[in-house]
Amino acid sequence: VRWPADLPADTVITLVTNAGLTSEDGPLASAERRVLGRYHVREPFRVRTARCQDRGAPALIHATDDDSTLRCNADAALFLQLSGTLEPRSLEALRAGLPEGIRLVSRQGATNDYGAVRDGVRLERAGGDAFLLAMAQAPGSRVDITMGADLRDDRGRALLPWAFAVEVGQP
């Protein structure tokens with residue numbers, strides 16, 4: 001499938017077949033309407049998700065959530081996923097801009113990301129960089145993290161600014 005060139009930014013497309021659809025070889029065996037796929041296209045460069053990687057149930061926030069506060073165990077790592085791939089200079093800026101006590105452990109590169117399920121079909125999006133950050137924070141502390149337009153993807157787009165907090169609990 002090729003998307004039209006004038007498709008608006010940040011669009012979700014749902015690919016659907018109707019019941020009784022016919023092909024060049026005759027009718028297809030479908031008695032009902034079927035959703036074949038959902039695709040997020042021309043997504044802005046942003047933080048998609050942030051979550052704690054710890055023994056408990058993973059806390060998860062999306063960049064669109066009103067409450068952008070993670071509550072993590074003291075021994076947890078942070079996982080961040082972007083909607084694009086950071087350019088090399090921006091990777092260094094990310095490292096340099098992290099608060100004291102938080103360091104970049106690994107960059108997982110363009111990982112596949114799937115959004116919410118609707119009609120039994122997951123939303124597919126282009127892969128983006130994912131990062132694992134180690135925290136050296138005392139229980140009961142709070143860390144504020146801001147990621148901004150000084151970070152650019154490999155297409156030159158500035159990251160949509162986003163701020164979130166990490167409240168640190170017991171290990």
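**Exercise 1. In what order do the three strands of the open sheet run, and what is the pairing?**

Before starting, note that this is a predicted model, where local features need pLDDT of at least 70, side-chain atom pairs count only at pLDDT 80 or more, and totals for chains, interfaces and linings use all residues. Residues are numbered from 1 along each chain as its sequence is written, and side-chain values use heavy atoms, with hydrogens and water left out.

Step 1. Read off the order: β7-β12-β11, with mixed pairing. Strands here are DSSP runs of E, at least two residues, and helices are runs of H or I, at least four residues, numbered from the N terminus. Two strands pair if DSSP finds at least two bridges between them.

Step 2. Find the edges: β7 (69-73) and β11 (142-147) each pair on one side only.

**Exercise 2. Work out how β11 pairs with β12 and where its side chains point.**

Step 1. β11 and β12 (residues 162-169) run antiparallel over six bridges.

Step 2. Pick out partners in β12: arginine 142 bridges to glutamate 167, and valine 143 to valine 166.

Step 3. Now sort the faces of β11. Buried means under 20% relative accessible area, exposed over 50%, partly exposed in between (1.4 Å probe, protein chains only).

**Exercise 3. Is serine 90 buried or exposed? Then trace its surroundings.**

Step 1. Locate serine 90: it's in helix α1 (residues 88-97).

Step 2. Its relative accessible area is 2%, so serine 90 is buried.

Step 3. Skip neighbours within four places in sequence, and serine 90 is in contact (heavy atoms within 4.5 Å) with Asp150, Leu151 and Arg152.

Step 4. Zoom in on arginine 152: its backbone nitrogen lies 2.7 Å from a polar atom of the serine 90 side chain.

**Exercise 4. Which side chain does the side chain of arginine 48 make a polar contact with?**

Step 1. Arginine 48 sits in strand β5 (residues 47-53).

Step 2. Relative accessibility is 4%, so arginine 48 counts as buried.

Step 3. The partner is the side chain of glutamate 43, at 2.6 Å. A polar contact is a pair of N or O atoms within 3.5 Å; within protein, one must be able to donate a hydrogen and the other to accept it, and residues adjacent in sequence count only if both atoms are side-chain atoms.
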